[in-house]
Amino acid sequence: SDLHPPPTVLPLAMNPRCMLISGWLGLLRVAALDIAPMQQPAAVVGIEPNPPVWPASVHVFSPSDTSLTEHIADLLRDLNDVKTGHYSDKRIALLFKPGTYDVDIKVGYYVQVLGLGEIADDVVFTGARGVYSEPMGAIPDPGSLDNFWRGAENFRSSSKNGMLWAVSQACPLRRVHTDGNLSLYVYRAWASGGFMADVQVDGFTRFGGQQQWFTRNSALSTPDGETIGGQWNIVLVGNTGSPPTTHPTGSKEAITNVASSPVVAEKPYISIDSVGQYSLQIPEVKFRSVGPALNSRLGARSVSL
């Protein structure tokens with residue numbers, strides 16, 4: 001025991017090892033991974049409050065909040081400027097309780113926009129632009145080539161103008177339902193993304209000038225390759241409404257389409273209930289799956305924070 005003192009064991013929901021395993025295997029009870037043989041884990045030390053005591057970088061909003069467009073724009077001002085935001089040490093998470101928000105949010109560097117519903121449609125953005133990312137540089141060059149390090153997930157975009165997510169790498173889009181078109185580029189602006197999963201598009205999906213993109217388990221509603229666009233390397237796995245694989249010559253779009261996802265566990269996400277208690281929702285592991293499940297909790301496990 002002198003050589004192998006018992007470790008400190010965090011509560012399941014806060015232990016990254018346990019969260020990882022629970023996400024992949026659907027287990028709610030996991031032994032500590034680094035204790036010596038024949039040892040028993042130490043007693044749990046401390047209990048996190050629920051709701052959590054969020055750090056200053058986390059902002060939680062309700063549908064009754066006013067002037068959100070102006071408030072959030074001011075909050076993200078430095079992170080929406082290439083000079084002050086590109087290598088900033090600021091990190092901001094915007095969490096939205098279930099309900100409808102007539103708000104526009106220009107998502108900058110190191111910003112995450114997260115709905116707190118159990119399903120994507122629990123949080124709805126109805127602003128003229130809603131949640132969006134536009135080119136941060138001159139058009140065409142660099143266009144969206146500097147749009148890194150941001151994310152959006154678990155909400156519905158009901159903007160009358162559709163949803164714009166013109167980004168490059170490290171800008172995941174997950175569990176998003178858009179009523180209109182999803183545009184992943186701006187005309188003539190360079191872009192080099194990207195990743196999205198568990199996304200439902202009711203209009204058209206347009207990659208346009210995106211140099212490369214990986215899309216998994218989504219409903220794209222755009223089976224025509226010329227309409228969906230894209231450039232050198234568009235990879236589609238387990239999607240519906242998507243164009244077939246191409247074998248391009250010249251400048252035509254290069255598409256690789258794999259019919260189903262062999263095995264996948266979607267990223268766990270946080271939700272809040274009617275009395276303000278937070279939980280970690282852990283989607284089930286799926287095999288040979290096709291299409292999104294953003295508005296279904298079938299098989300998901302819920303762990304209180």
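Author: Residues are numbered from 1 along each chain as its sequence is written. The model is predicted: local features need pLDDT of at least 70, side-chain atom pairs count only at pLDDT 80 or more, totals for chains, interfaces and linings use all residues, and side-chain values use heavy atoms, with hydrogens and water left out.

Reader: What makes D78 and K90 a salt bridge?

Author: A salt bridge is a side-chain nitrogen of Lys or Arg within 4 Å of a carboxyl oxygen of Asp or Glu. The closest N and O atoms of D78 and K90 are 3.0 Å apart, so the pair qualifies. The pair links distant parts of the chain, 12 residues apart. D78 sits in the loop between α2 (68–75) and α3 (82–85), K90 in the loop between α3 and β2 (92–96). Helices (H or I, at least four residues) and strands (E, at least two) are DSSP runs, numbered from the N terminus.

Reader: Why is D78 called partly exposed?

Author: Buried means under 20% relative accessible area, exposed over 50%, and partly exposed in between (1.4 Å probe, protein chains only). D78 has 35%, so it falls in between. K90, at 37%, is partly exposed too.

Reader: How do you know that E153 and K267 form a salt bridge?

Author: Their N to O distance is 2.9 Å, so the pair meets the cut-off. E153 lies in strand β8 (residues 150–157). K267 lies in the loop between β18 (261–265) and β19 (269–272). The two are 114 residues apart.

Reader: Is E153 buried or exposed, and why?

Author: E153 is buried, because its relative accessibility is 7%. K267 has 34%, so K267 counts as partly exposed.

Reader: What makes R156 and D179 a salt bridge, and which parts does the pair tie together?

Author: The closest N and O atoms are 2.7 Å apart, so the pair counts. R156 lies in strand β8 and D179 in the loop between β10 (173–178) and β11 (182–183), so parts 23 residues apart in sequence are tied together. R156 is partly exposed at 23%. D179 is partly exposed at 29%.

Reader: What joins K106, R129 and E134 into one network?

Author: Salt bridges that share partners do. The structure holds 10 salt bridges.

Reader: How many helices and strands are in the chain, and how much of it is buried?

Author: The chain has 4 helices and 22 strands. Of its 305 residues, 46% count as buried.
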